[in-house]
Amino acid sequence: MTIAEFWNIVDRVKRASGPSLEKRASVLGEELAKLAPAELVAFDQVLGQLSVRAYNWHLWAAATVIWGGFCSDDVFLGFRPWLISLGREQYESALADPDSLAEVEFGNGGEEEAFFEAFYDVVNRTYEAMTGNKMPIGNEDFPSEPTGKPWEYKELPSLCPRLWAKWGDG
């Protein structure tokens with residue numbers, strides 16, 4: 001599966017589901033069920049690569065502001081598939097400028113909508129339903145530390161000024 005094919009699926013799911021993450025998970029499952037098992041493995045590999053690519057300190061700073069000043073490893077793990085589920089354009093914008101996430105509108109769930117670990121679950125459950133087996137472990141090397149420069153909490157207003165104006169405590 002090419003990166004373009006991956007993004008076509010994600011963008012199609014986003015258009016069909018709107019802002020509801022529950023609906024997005026359902027539509028994603030329907031789309032993935034149309035793939036052959038090998039294509040689903042390839043989809044999972046691209047998802048892993050994109051998640052690794054988004055594992056950087058500046059994006060973690062943005063997630064921390066969105067989450068009200070606290071973003072654990074687990075929350076950031078669920079934040080990245082949410083970002084990917086927003087589609088290629090928003091994903092690329094956020095990688096280039098994490099503060100661009102200030103433009104994302106959240107529904108009634110507020111910042112808790114910036115967590116979509118179920119994205120991973122849908123991929124895995126779909127594969128298991130197709131094959132009766134667990135998804136093969138990806139071969140992407142996950143870095144031990146995010147890329148970029150670590151930050152301190154006091155730096156968040158200057159790292160993500162638009163997000164801070166929208167979500168920060170100052």
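Arg12 is partly exposed, at 35% relative accessibility. Here buried means under 20% relative accessible area, exposed means over 50%, and partly exposed lies in between (1.4 Å probe, protein chains only). The model is a predicted one: local features need pLDDT of at least 70, side-chain atom pairs count only at pLDDT 80 or more, and totals for chains, interfaces and linings use all residues. Residues are numbered from 1 along each chain as its sequence is written, and side-chain values use heavy atoms, with hydrogens and water left out.

Arg12 forms a salt bridge with Glu31. The closest N and O atoms of this pair are 2.9 Å apart. A salt bridge is counted when a side-chain nitrogen of Lys or Arg is within 4 Å of a carboxyl oxygen of Asp or Glu. Glu31 is buried, at 12% relative accessibility. Side chains of opposite charge can pair when their charged atoms come close.

Helix α1 covers residues 3–17, 15 residues in total. Helices (H or I, at least four residues) and strands (E, at least two) are DSSP runs, numbered from the N terminus. From first C-alpha to last, α1 reaches 21 Å. This is close to the 21 Å expected at 1.5 Å a residue, where the expected span is 1.5 Å times one less than the number of residues. Phe6, Trp7, Ile9, Val10, Val13 and Ser17 are buried in α1. Seen down the helix axis, the buried residues of α1 fall within an arc of 155°, so they line one face. The arc is that of the directions from the helix axis to the C-beta atoms. An α-helix has 3.6 residues a turn, so residues three or four places apart point the same way. The cover over the buried residues of α1 includes α2 (21–32), α3 (37–53), α5 (73–85), α6 (88–96) and α7 (118–131). Gly18 follows α1, and its phi is positive, near 70°.

The search of the whole structure finds nine salt bridges. One of them joins Asp99 and Arg162, with the closest N and O atoms 3.4 Å apart. This pair links distant parts of the chain, 63 residues apart. Asp99 sits in the loop between α6 and α7, and Arg162 in helix α9 (residues 161–167). Asp99 is buried, at 4% relative accessibility, whereas Arg162 is partly exposed, at 36%. Both belong to a network of salt bridges that links Asp97, Asp99, Glu103 and Arg162. Lys134 and Glu128 form another salt bridge, with the closest N and O atoms 3.8 Å apart. Lys134 is exposed, at 63% relative accessibility. Glu128 is partly exposed, at 32%.

Ala63 belongs to helix α4 (residues 57–66). Ala63 is buried, with a relative accessible area of 0%. Leaving aside residues up to four places away in sequence, Ala63 touches Cys71, Phe76 and Phe79. Contact means heavy atoms within 4.5 Å. Ala63 and Asp99 are 36 residues apart along the chain, and 9.7 Å separates their C-alpha atoms.

Pro37 lies in helix α3 and is partly exposed, at 34% relative accessibility. Pro37 touches Tyr127, Met130 and Thr131, not counting residues up to four places away in sequence. Pro37 and Ser26 are 11 residues apart in sequence, and 18 Å apart in space, C-alpha to C-alpha.
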